[in-house]
Structures are given as structure tokens and as C-alpha cells.
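Subject: Structure handover and notes

Dear colleague,

I am passing on the structure below, followed by notes on what was found in it. Please read them with the model open beside you.

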Amino acid sequence: GVSAIAAGTDHTCALTTGGGIKCWGGNASGQLGDNSTTNRLTPVDVSGLTSGVNAIAANRDHTCALTTGGGVKCWGYNGYGQLGDNSTTNRLTAVDVSGLNSGVSAIAASEADTCAVTTGGGVKCWGHNGYGQLGDNSTTNRLTAVDVPGLTSGVSAIEAGTYHTCALMTGGGVKCWGYNTYGQLGDNSTTTHLTAVDVSGLNSGGNAIAAGNFHTCSLTTGGSVK
């Protein structure tokens, strides 16, 4: 009865085949979404999300859900605005991401920010931006979703590392932005970038992407990993 799972630092969530979400583990910031801050040793329902969910994303101590209607809801820690509800107030139950009640096809959660791919192939991000990981050419934290310049269309998937973000393009190219001290943006530099840059050697042929704390990987259409 489970179709997908997502894990934060000390909590885990599952999406059921019926479109509901159940979470368990640490709950100090309300990241389990059951209207409490009580740790749970077994799965509990996320309040108000027992159906109608299409995908989930979790990191550190916040969680987000993509609804079947294309909206985004988040809950948990919100100190940097990563819940996108135009506040920095922790939420013990799911709240709507401002301006994203519909039109979203995918979501990704980083340590303290969140990003979404729109049905038109654009990227919007919100939350912590100290290293430019929101891609809006600034280091200003955003409490609501902002567009990533140059990525208003053509994106098929999104992934978020600790302080960097990457997008898979419909043509198979990969673009990344944010913290780059360890070369995690793949542009043959260690320069942090506030807007999206191409990953060297991956202008095409990418099929899926994954981001760790300070590194990124891509699965190619030929079945290899870079």
C-alpha cells in the first residue's frame, strides 16, 4: 500500500497508494505534520493529507507534499521560510505554499529550502538562500516562491543538495546553482553561482539526477552514472 518514501535528518514519510501520507521519527519542529511535536515510533497520519497527494519530499526537519491538483503544501521547521507560506513560523500541520495552489509537477526539499518544477517546465524556489541555492541571483532568503532566471521552461526534474540545486532539462542537459566549494555544480570550478550554470559534459544525455550534501550525480540515457 505504499508508493513512495522520503527521509529527512531524523524523520521518514511514506506516500500510500491511496494518496495519503504517514510519517514517523523525530518531530521537534512538527515535521511529522500530526499537529504535535511528539516523536513517533510508528507511522502517524499527516493531518489533512490522508488522500489527494501525488508526491512527497523531505529534508532535515521539514516536509512537503505535491497534491494531485498540482498544489504544494509544507510543514515543520520554517526558520528560513522553507515552508513558503510567507512566514518563518514553524507549522505542525500542512500549510499551502503561497502562489503554488496549482500548476506544479515535481518538488525537492533541501536542508532549509524547497524547489518546485511547474507544469510549464519552470523552476520556483523558496527558503534559505545564503549560497544562492534559490538561483534568483541573490543571497536573500525568500519566504515565498521566486522564479529561477533562465529556467522558466524546459525543466523536467529538480534535485536539491544541502546548499545547491540542480535541474534536469527536457533535452537531457543538467544545470546547477548555489554552493560550489567542492565542485558540486560540475562547471569545472569551485565558484559559488547565484544563477544556473551548465554542468560540463552534460549538455545532453541526462536521464535522472541526485544530489548529496556536497556532490551531485546523473544517470545517463545510456545507463551510465556520472
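Cys166 counts as buried, because its relative accessibility is 0%, where buried stands for under 20% relative accessible area, exposed for over 50% and partly exposed for what lies in between, computed with a 1.4 Å probe on protein chains only. Its partner Cys176 is likewise counted as buried, at 1% relative accessibility, and the two are joined by a disulfide with an S to S distance of 2.0 Å, the term being used for a pair of cysteine sulfur atoms within 2.5 Å. The link of Cys166 and Cys176 is right-handed, with 110 degrees about the S-S bond. This pair links distant parts of the chain, ten residues apart, with Cys166 in strand β14 (residues 164-169) and Cys176 in strand β15 (residues 174-178); strands here are DSSP runs of E with at least two residues, helices are runs of H or I with at least four, and both are numbered from the N terminus.

Before going further, please keep in mind that this is a predicted model, in which local features need pLDDT of at least 70 and side-chain atom pairs count only at pLDDT 80 or more, while totals for chains, interfaces and linings use all residues. Residues are numbered from 1 along each chain as its sequence is written, and side-chain values use heavy atoms, with hydrogens and water left out.

How many disulfides does the count come to? The count comes to four, and, with bonded cysteines counted along the chain, they follow the pattern 1-2, 3-4, 5-6, 7-8. One of them joins Cys115 to Cys125 at an S to S distance of 2.0 Å. Cys115 lies in strand β10 (residues 113-118) and Cys125 in strand β11 (residues 123-127), so this pair ties together parts that are ten residues apart in sequence. Both Cys115 and Cys125 are buried, and their link is right-handed, with 110 degrees about the S-S bond.

Another joins Cys64 to Cys74, with 2.1 Å from S to S. Because Cys64 belongs to strand β6 (residues 62-67) and Cys74 to strand β7 (residues 72-76), the pair ties together parts ten residues apart in sequence. Their link is right-handed, at 105 degrees about the S-S bond, and Cys64 counts as buried at 0% relative accessibility, as does Cys74 at 0%.

Cys217 is partly exposed, with a relative accessible area of 30%.

Finally, Thr144 lies in strand β12 (residues 142-147) and counts as partly exposed at 27% relative accessibility. Leaving aside residues up to four places away in sequence, Thr144 touches Gly84, Asn86, Ser98, Cys125 and Trp126, where contact means heavy atoms within 4.5 Å.
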